[in-house]
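Subject: Structure handover

Hello,

Here is the structure I promised to pass on to you.

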Amino acid sequence: MDNDVSAGIVSTTVAGRLALGVTLLAFGLGTTGVIDGVGVQDAVTLAHYVGGVALFLIGLLALRDAAASAAGVAYVALGSLWFTWAVSGHGSAHAAGLFLLLFALVALTLTLAGGDTLGQVAYGLLFLAMLVLAVAQFAGSSALTKAGGWVAVAAGAVAWYAAAAALAHWPTVLPRRAAGRGVTATG
């Protein structure tokens, strides 16, 4: 993280990634059913308040700073979607599939918008998770639902790592080898 980045940008980005990471981890683990007695409905309160309200408010704060406007748009959009998911009751399977498909399109937009590598990976995994979960709803497939849940867990882990890395000054990029180094000719 650059020292030139203002504290406002750092705090909204880190808080947003933490909120997104925790929400995706809870949602994904609930969807997989890997923890006995914990289902997707158990993530509703967390998705409502952390994923919905907190992300939306963090996004509004980020929108106040022109340099953080992309993060602001992302967090407002994601917060709105999580809030809607939490309070909607989900309706029919096809209605839920349509909602997840629209959620996937927002995540795809955020992925293609650019930004740092960890952010793009988290949004890309979120896109894939929502796409798989949408197809699972349309097809009525519990196996695809579990697969989508695991992709959501991966997205949450990446978002959490991005926030933790910023706070703890952990690496966020893989080191690259210099061109021509490490290659030996045998002959």
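Below is what I found in it, starting with the overall picture and ending with single residues.

A word on the ground rules: this is a predicted model, in which local features need pLDDT of at least 70, side-chain atom pairs count only at pLDDT 80 or more, and totals for chains, interfaces and linings use all residues. Residues are numbered from 1 along each chain as its sequence is written, and side-chain values use heavy atoms, with hydrogens and water left out.

The protein chain has 6 helices and 0 strands, so its elements read α-α-α-α-α-α from the N terminus (helices are DSSP runs of H or I with at least four residues, strands runs of E with at least two, numbered from the N terminus). Of its 187 residues, 39% count as buried, where buried means under 20% relative accessible area, exposed over 50% and partly exposed in between, with a 1.4 Å probe and protein chains only. The chain exposes about 9,900 Å², and carbon and sulfur atoms supply 67% of that area (Shrake-Rupley method, 1.4 Å probe; for residues, only the protein chains shown count as cover). Among contacts (heavy atoms within 4.5 Å) between residues at least 6 apart in sequence, 67% join residues at least 24 apart.

Helix α3 covers residues 69–88, and its 20 residues reach 28 Å from first to last C-alpha, close to the 28 Å expected at 1.5 Å a residue (the expected span is 1.5 Å times one less than the number of residues). Its buried residues include Tyr75, Trp82 and Trp85. Just after α3, Gly89 takes a positive phi of about 80°. Helix α5, residues 117–139, has 23 residues and reaches 33 Å, close to the 33 Å expected. Among its buried residues are Gly119, Ala122, Tyr123 and Leu133. Gly140 follows α5 with a positive phi near 70°.

Now to the inside. The structure holds 1 cavity of 30 Å³ or more, and about 40 Å³ of space lies in the largest cavity. (On a 1 Å grid over the protein atoms alone, a cavity is a set of points where a 1.4 Å probe fits but cannot get out, and lining residues have an atom within 4 Å of a point; grid points are joined across faces, edges and corners, and a volume is the space filled by probe spheres set on the points.) The lining consists of Arg17, Leu20, Gly119, Ala122, Tyr123 and Ala159. The largest share, 3 residues, comes from α5, and α1 (7–32) and α5 each supply at least two. By type, the lining has 4 nonpolar, 1 polar and 1 charged residue (Ala, Val, Leu, Ile, Met, Phe, Trp, Tyr, Cys and Pro count as nonpolar, Asp, Glu, Lys and Arg as charged, and the others, Gly among them, as polar).

Thr111 lies in helix α4 (residues 93–112) and counts as buried because its relative accessibility is 15%. Not counting residues up to four places away in sequence, Thr111 touches Gln120, Tyr123 and Gly124. Thr31, in helix α1, is buried too, at 12% relative accessibility. Leaving aside neighbours within four places, Thr31 is in contact with Val40, Leu133, Thr145, Lys146 and Gly149. His169 sits in the segment after α6 (142–168) and counts as exposed because its relative accessibility is 68%. His169 has a positive phi of about 60° although it is not a glycine; most residues other than glycine have a negative phi.

Best wishes

Conventions:
On a 1 Å grid over the protein atoms alone, a cavity is a set of points where a 1.4 Å probe fits but cannot get out, and a pocket is an open set with protein on both sides within 12 Å along at least five of seven lines; lining residues have an atom within 4 Å of a point.
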